[in-house]
Amino acid sequence: MSAEALRERIREIPDFPKPGILFYDITTLLKDKAAYKEAIELDPQSVELRVALGSLYLKNRNVIDSEVQANEAMKLAADNVEVRKLLARVYLTQSFVGTTTVKEKARAAIKELEEVVRLDPAAKIEVGEQEMPALAVIGSLYWTLEEPDKALDVFKRVSEGNSSSDRAHFQLA
């Protein structure tokens, strides 16, 4: 698919949201893995495209290809919060298999989430259908790994940060 073919998939909406503005609607591309792959071929250095494709793969439960895109994005921009969030979400998905916790993946998720928090202390991460403070997720992972002291330290950080995370406050109680 050529750059022109990709452009044809993007709708142009004149005078939206107000007169004089030309809005580009990319929703047709957001669900199209092939279009993302083509776009990446046109711009292999695009971190945003790799994160978007990786997120799309993850949403469709294709964890392997999601991890590939996350790792490629890491090579391009290791200090990008969205890249770290994607990699953390991949590791979170791999951490829980049935009723078993894969400890090395949970630790990898913690490592990525700590980096997310370093880059953006107020960062939230998508877990299932909800967004949670990254610190609360770290605390939950430590709790799952049966490291209550570390979990409580993290939950205290969430609480001190004035977070509205009910989960963190519940764990502290």
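**Salt bridges and their setting**

Arg118 and Asp79 are both exposed, exposed being over 50% relative accessible area, buried under 20% and partly exposed in between, with a 1.4 Å probe and protein chains only. The model is predicted, so local features need pLDDT of at least 70 and side-chain atom pairs count only at pLDDT 80 or more, while totals for chains, interfaces and linings use all residues. Residues are numbered from 1 along each chain as its sequence is written, and side-chain values use heavy atoms, with hydrogens and water left out.

The structure holds 8 salt bridges, each a side-chain nitrogen of Lys or Arg within 4 Å of a carboxyl oxygen of Asp or Glu. In one of them, the side chains of Arg118 and Asp79 meet at 3.4 Å, N to O. Arg118 belongs to helix 7 and Asp79 to the loop between helix 5 and helix 6, so this pair ties together parts that are 39 residues apart in sequence. Helices (H or I, at least four residues) and strands (E, at least two) are DSSP runs, numbered from the N terminus.

Another salt bridge joins Arg157 and Glu114, whose closest N and O atoms are 3.8 Å apart. Because Arg157 lies in helix 9 and Glu114 in helix 7, the pair links parts that are 43 residues apart in sequence. Arg157 is partly exposed, at a relative accessible area of 37%, and Glu114 is also partly exposed, at 26%.

Glu147 and Lys150 form a further salt bridge, with 3.3 Å between the closest N and O atoms. Here Glu147 counts as buried at 16% relative accessibility, whereas Lys150, at 43%, is partly exposed. Shared partners also join salt bridges into one network of Asp79, Glu115 and Arg118.

As for the whole, the chain has 10 helices and 6 strands, and 40% of its 173 residues count as buried. Leaving aside residues up to four places away in sequence, Val137 touches Leu92, Leu113, Ile125, Val127 and Met132, a contact meaning heavy atoms within 4.5 Å.
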